[in-house]
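Morning, everyone. I have one structure to show today, and I'll keep it short. Here it is.

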Amino acid sequence: MSRKHFYSKRNLNIYNTPLETGLRILIILEELKRKQVDVNRLIIYDYLVTHASDFDKSLKSLHPSLPHRSGEIIIKRKVIQEGIKLMYSKELLDINYTENGIFYSANELTTAFLDYFETYYSKMLREYSNLVVSKFNKFSDEELSDFVNENLNKWGSEFTKESLIRGVVW
């Protein structure tokens, strides 16, 4: 009797999905110690956690330093919002509606859930989330926005300069 192999036609990509970004958001929220933050701050923190060498050259980024990577801050909003919705649907974070906007925070389940993650990558996410929160949590929304705007053109532009040099050499 021959066996047929079943191959799913689902997209099995886990990178840049709501699941991946949702898990990173949980780790960031956990490091915030139940402080409530809005989606804009989460988007920026997510970028800084994965591209830590952009704000501290002594650190090695967790994700590749691709050209024009700063565009992630703009294009990841939807997938991060979907990740938040996914984690909320599992009761892994809280959504707080206030007169000042919508804010997100960790809860008891966040901590319990994240305790199951033991990989090197998850440990580094926690470490870098701690660094980002420690460095930027005291920034007002305006100061954080100014920091990003001042550096946005630098993040990923090193490849442009490299290609100009290569153009001359080759």
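The chain averages a pLDDT of 84. Of the residues, 76% score at least 70. Where is confidence highest, and where is it lowest? The top is strand β2, residues 101-106, with a mean of 98. Over residues 159-170 the pLDDT is below 50. Beyond near neighbours in sequence, that stretch makes five contacts in the model. As a rule, where pLDDT is low, the predicted coordinates should not be read in detail.

Now helix α2, residues 39-50. Start with its length. Twelve residues at 1.5 Å each should span 16 Å.

Is α2 mostly covered or mostly open? Mostly covered: eleven of its twelve residues are buried. Among them are Leu-42, Ile-43, Ile-44 and Leu-48. The buried set also includes Arg-41 and Asp-46. What do these buried residues pack against? Helices α1, α3, α4, α6 and α7, plus strand β2.

I'll take three of them.

Start in helix α1. Glu-20 and Arg-24 pair up at 2.9 Å, N to O. They lie four residues apart in α1, about one turn of the helix. Both Glu-20 and Arg-24 are buried.

Arg-24 has another partner. Its side chain meets that of Asp-46 in a salt bridge at 2.5 Å, N to O. This pair links distant parts of the chain: Arg-24 is in helix α1, Asp-46 is in helix α2, and 22 residues separate them. Why do we call Arg-24 buried? Because its relative accessibility is 2%, and the cut-off for buried is under 20%. Asp-46, at 3%, therefore counts as buried too.

Next, helix α4. Lys-78 and Glu-82 form a salt bridge at 3.6 Å, N to O. They are four residues apart in α4, so about one helical turn separates them. In general, residues three or four places apart on an α-helix point the same way, because a turn takes 3.6 residues. Lys-78 is exposed, with a relative accessible area of 58%. Glu-82 is partly exposed, at 29%.

Glu-20, Arg-24 and Asp-46 are joined into one network by their salt bridges.

Technical notes
Residues are numbered from 1 along each chain as its sequence is written. This is a predicted model: local features need pLDDT of at least 70, side-chain atom pairs count only at pLDDT 80 or more; totals for chains, interfaces and linings use all residues. Side-chain values use heavy atoms; hydrogens and water are left out. pLDDT is the predictor's confidence in each residue, from 0 to 100. Helices (H or I, at least four residues) and strands (E, at least two) are DSSP runs, numbered from the N terminus. Contact means heavy atoms within 4.5 Å. The expected span of a helix is 1.5 Å times one less than its number of residues. Buried means under 20% relative accessible area, exposed over 50%, partly exposed in between (1.4 Å probe, protein chains only). A salt bridge is a side-chain nitrogen of Lys or Arg within 4 Å of a carboxyl oxygen of Asp or Glu.
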